[in-house]
Amino acid sequence: MVAIKLKDGGQREYPEGISLLQVAEDISNKLAKNTVVARFNGQLRDLHTEVTEDGTLELLDFDNPEARVVYRHSSSHVMAQAVQRLWPGTQLAIGPAIDKGFYYDFESPHTFTPDDFKAIEEEMLKIIKADYPIIKKELSREDALSFFRDRKEQYKVELIEDLPVDAVISTYQQGEFIDLCAGPHLPSTGRLKAVKLMSLAGAYWRGSEANQMLQRIYATSFPKKSLLDDYLHKLEEAKRRDHRRLGRELGLFVVLDEGPGFPFFMPKGMILRNELEKFWREEHARAGYHEIRTPIILNREMWEQSGHWDHYKENMYFTVIDETDYAIKPMNCPGGMLAYKQTIHSYRDLPLRMGEMGLVHRHEMSGVLHGLMRVRAFTQDDAHIFMLPDQIIDEIKGVIELVDRFYTLFGFPYHVEVSTKPEKAMGSDEMWDIATEALKQALDEKGMKYRINEGDGAFYGPKIDFHLQDSLDRTWQCGTIQLDFQMPEKFDLTYVGEDGEKHRPAMIHRVIYGSIERFIGILTEHFAGAFPSWLAPVQVRVLPITDRSHEYARQVVEELKAEGIRAEADLRSEKTGYKIREGQMQKIPYLLIVGDKEVEAGTVSVRHRREGDLGPAALKDFKILLRSEIEEKLNR
RNA sequence: GCCGAUGUGGCUCAGUGGCAGAGCAGCUGAUUCGUAAUCAGCAGGUCGGCGGUUCAAAUCCGCCCAUCGGCUCCA
């Protein structure tokens with residue numbers, strides 16, 4: 001007999017060799033049916049696992065994130081099975097679960113198209129209906145290799161060859177389909193319910209451009225049709241928040257074929273942008289920054305000196321002036337270095353924080369351009385901080401605080417990554433270790449959680465990256481802090497120390513918004529275009545009900561403008577409902593409806609874009625309300 | 001850059017070899033209206049570009065450009 005302790009504290013006895021599924025069934029049929037995978041003595045196990053020792057058992061259903069991964073992983077096997085049935089000769093690469101579903105990478109003589117989706121889904125449903133048990137089998141490395149060689153699954157062979165010597169190698173079988181897999185899996189294919197193929201993509205084997213490109217099919221699955229429908233509905237909702245759509249609809253910005261990756265900012269987008277810059281300047285002045293502006297174009301010699309000519313050339317644009325090579329800046333740092341050098345600095349001047357809203361151009365590969373999120377010309381809210389070595393930690397902490405102040409104001413959740421030395425890098429390993437440790441120490445002291453992103457640092461130093469999410473939960477790097485011992489060296493930066501000798505300052509590059517363009521993209525999606533009043537391009541629109549109130553409407557607009565409020569009137573000969581609809585669709589924070597009653601009483605009827613009709617108010621009171629909302633940067 | 005899909009008026013889209021269409025937006029006129037769409041009329045497109053097949057191409061073929069979804073790369 002074995003003793004099994006349950007999550008609720010109860011304990012039951014069973015004959016040795018009973019499966020976890022049978023235990024679940026013994027507790028409740030419904031529970032057994034909903035259970036995806038078990039955690040037995042802390043380890044995720046297939047429900048077919050036979051119990052041979054005492055232990056604690058937890059039964060996980062689809063709501064559990066780990067179980068969800070198992071559910072999707074089994075789904076990917078079923079999809080692969082369907083694909084191999086329909087297109088024999090298709091080779092399997094890998095098929096993991098991902099955040100919202102799963103994918104499988106194939107190599108096939110057949111080129112998959114979305115027209116194939118229906119057939120694949122139907123075949124998957126057959127496999128689900130057949131309810132094949134999913135059976136695990138462990139085998140030796142030799143057996144595994146010969147098995148997959150016989151099946152002409154070269155990717156599986158390669159995977160096995162790369163497994164550590166002591167790895168337990170297992171396969172999972174359902175019907176005629178057998179895949180190399182560590183598991184765990186669902187007990188049978190019938191556990192799947194709603195499956196949907198989403199999209200196709202090319203993907204390099206093992207993520208490397210040097211390798212074969214495979215065909216990836218993205219899909220998702222749920223234990224209930226209603227959950228799938230909810231998910232698809234949410235995707236549709238998210239698309240409505242897409243900054244590319246809203247940017248056009250709200251007259252903020254647009255990217256045209258005439259300038260791929262070079263966005264146009266329209267008048268309303270400029271208001272947003274200018275407000276963001278204004279806020280930035282206020283905050284940075286308060287945090288002790290000076291602002292500079294350096295040239296867009298600088299000569300080749302300087303880019304050679306900075307190392308960009310050697311390390312960043314493929315991303316740069318070039319020009320020739322008077323038969324001399326010049327480059328358009330892809331980063332602001334070299335200009336910042338030259339600016340630093342214009343005066344002799346004492347240790348007393350440090351830390352010296354020099355900010356720059358710098359427009360940089362980078363040649364990005366055509367396939368990566370994406371609205372405002374990924375462009376070829378963007379403005380970095382850059383700053384370079386020159387400091388004494390013992391000021392590094394405090395300065396980094398100061399930037400972390402500033403980033404947090406900004407992101408919190410906008411209500412953005414974010415996550416942090418530390419990127420370490422890349423392959424193409426300048427400087428010694430020792431320098432990199434010191435710099436990387438400094439970044440980690442600052443984060444630790446601020447109590448921030450972070451992930452390590454190996455090999456993803458800039459060529460001149462390691463960095464802390466702050467990532468924000470877009471409406472489809474894709475994440476984009478915005479803020480970053482990069483510690484750099486290289487540039488000060490390259491440009492021979494010095495300060496005069498207490499000893500009267502010249503010393504080398506330490507330096508960090510940092511951005512808060514990251515790129516104003518990307519930040520505006522994120523901001524647009526985050527607020528679904530309904531920006532807080534302080535950012536809203538139009539803060540108030542006055543809607544006269546008839547021509548009789550036009551004069552009054554104009555007066556109201558003038559009074560608001562006199563207070564610095566962005567107001568306009570809709571004097572078209574339309575019904576009130578029509579004007580309100582348009583105002584709502586433009587996401588204007590406040591609509592003021594004025595008719596005979598308001599003219600008579602000298603009031604305005606206030607309508608808030610989310611709260612609706614707030615009733616009449618004296619114009620004076622409305623102004624006070626809105627002014628404070630703007631000044632406090634409230635998100636109402 | 002690579003894989004796949006897409007490209008028709010300002011926007012959303014219909015049109016699969018035989019006279020380029022609809023709705024919204026725009027303009028003009030009428031309507032003077034109270035919290036998410038008043039009515040009527042008008043105007044607007046060398047169907048992404050170039051080349052080819054054909055009596056005839058938005059439609060079929062080729063190349064290019066751009067966009068979308070990924071991969072790779074990075075704010």
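**Close-up views of the predicted model**

**View 1. The second largest cavity and its lining.** Helix 14 (residues 429-445) contributes 3 residues, the most of any element, to the lining of the second largest cavity. Helices (H or I, at least four residues) and strands (E, at least two) are DSSP runs, numbered from the N terminus. The structure is a predicted model, in which local features need pLDDT of at least 70, side-chain atom pairs count only at pLDDT 80 or more, and totals for chains, interfaces and linings use all residues. Residues are numbered from 1 along each chain as its sequence is written, chains are lettered from A and ligands numbered from 1 in the order in which they are written, and side-chain values use heavy atoms, with hydrogens and water left out. A cavity is a set of points, on a 1 Å grid over the protein atoms alone, where a 1.4 Å probe fits but cannot get out; lining residues have an atom within 4 Å of a point. Its volume, about 40 Å³ here, is the space filled by probe spheres set on the points, which are joined across faces, edges and corners. The lining consists of Met431, Trp432, Ala435, Tyr460, Gly461, Pro462, Phe485 and Gln486. By class, 6 of these residues are nonpolar, 2 are polar and none is charged. Ala, Val, Leu, Ile, Met, Phe, Trp, Tyr, Cys and Pro count as nonpolar, Asp, Glu, Lys and Arg as charged, and the others, Gly among them, as polar.

**View 2. The largest cavity.** Of the 13 residues that line the largest cavity, Pro537, Val538, Gln586, Lys587 and Ile588 lie nearest its centre. This lining comprises 8 nonpolar, 2 polar and 3 charged residues.

View 3. The strands follow the order 2-1-5-3-4, with mixed pairing; two strands pair if DSSP finds at least two bridges between them. Strand 2 (11-14) and strand 4 (43-45) each have a single partner strand, so one side of each edge strand lacks a neighbour in the sheet. Strand 3 (residues 35-40) pairs with strand 5 (residues 55-61) in the antiparallel sense over 5 bridges. Within strand 5, Leu57 is the bridge partner of Phe40.

**View 4. A helix against the sheet.** Helix 3 (residues 65-86) packs on the sheet and touches strand 3, strand 4 and strand 5, where contact means heavy atoms within 4.5 Å. The direction of helix 3 makes about 125° with that of strand 3; axes are lines fitted to C-alpha atoms, for helices over the stretch in contact, and angles run from 0 to 180 degrees between N-to-C directions.

Conventions: On a 1 Å grid over the protein atoms alone, a cavity is a set of points where a 1.4 Å probe fits but cannot get out, and a pocket is an open set with protein on both sides within 12 Å along at least five of seven lines; lining residues have an atom within 4 Å of a point.
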